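Hello,

As promised, here is the structure, followed by notes on what turned up in it.

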Amino acid sequence: MKFTTFGFDDRLMEGIDAAGYTDATPVQEQVIPHILSGKDIIASAQTGTGKTAAFGLPLLQLINAADRFPQALIVCPTRELCLQITNDLQVFKKHLKGVNTEAVYGGASITMQIRNLRQGVQIVVATPGRLIDLIERKAIDLQKVKYVVLDEADEMLNMGFRDDIDFVLKNTINRESIWLFSATMPPEVRAISKN
């Protein structure tokens, strides 16, 4: 299936072309139409199957660039993945005006992250620990977040982030949909998905 069949905005298609994408991978083919129609998703996908594009492209299509507050939250287990997702989004949104993303993770200046958040971002990519720190400092408002992505959910649970995930979900009460990606589907992941 070609990316042109999803009905993405022309400027987003320019970013997709710039990334060298023409044909959707199986996970993208199955997930993107459901996400665009506003459904919750639980997807089993290994690293390297194109899942960042599977949720990142629809997110860029769905958010409103005119609104300068977090509309989408992507939670992932590690700083490396956080930066990788953010870099992929930068490529995809290259031709979209006024769309800002911010990566928030431990081991980097929280002051700088807070300053960037205050300047107005639509998509926040975060590791659980730093995100909770920002919530507790009241440095990030998740009340208007519509879309929540839990990437590598099984890995987050293996690392002991169960309570953190619950806390984040309690702080995104107005979300319209949640998209959970996991390489495996252990009982803990199923329990979160029921949540």
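W179 is buried, with a relative accessible area of 0% (buried means under 20%, exposed over 50%, partly exposed in between, using a 1.4 Å probe and protein chains only). This is a predicted model, so local features need pLDDT of at least 70 and side-chain atom pairs count only at pLDDT 80 or more, while totals for chains, interfaces and linings use all residues. Residues are numbered from 1 along each chain as its sequence is written, and side-chain values use heavy atoms, with hydrogens and water left out.

Aromatic rings

W179 forms an aromatic pair with Y147 that is stacked, at 5.6 Å centre to centre and 20 degrees between the planes. Rings of Phe, Tyr and Trp (its six-membered ring) pair if their centres lie within 6.5 Å; planes under 30 degrees apart count as stacked, over 60 as edge-to-face and the rest as tilted. Y147 belongs to strand β5 (residues 147-150) and W179 to strand β6 (residues 177-182), so the pair links parts of the chain 32 residues apart (helices, H or I of at least four residues, and strands, E of at least two, are DSSP runs numbered from the N terminus). Y147 is also buried, with a relative accessible area of 7%. The whole structure has six aromatic pairs. One aromatic cluster is formed by F3, F6, F8, Y21 and F92.

Largest pocket

The largest pocket holds about 180 Å³ of space. A pocket here is an open set of points on a 1 Å grid over the protein atoms alone, where a 1.4 Å probe fits, with protein on both sides within 12 Å along at least five of seven lines; lining residues have an atom within 4 Å of a point. Grid points are joined across faces, edges and corners, and the volume is the space filled by probe spheres set on the points. The lining has 16 residues, and Y21, T49, G50, K51 and T52 are the closest to the centre. Helices α3 (51-62) and α4 (79-92) are the elements that give two or more residues to this lining.

T86 lies in helix α4 and is buried, at 7% relative accessible area. Leaving aside neighbours within four places in sequence, T86 is in contact (heavy atoms within 4.5 Å) with T101, A103 and V125. In helix α8 (residues 162-170), the buried residues are D164, I165, D166, V168 and L169. They pack against β2 (72-75), α6 (128-136), β5, α7 (153-158), β6 and α9 (187-194).

Regards
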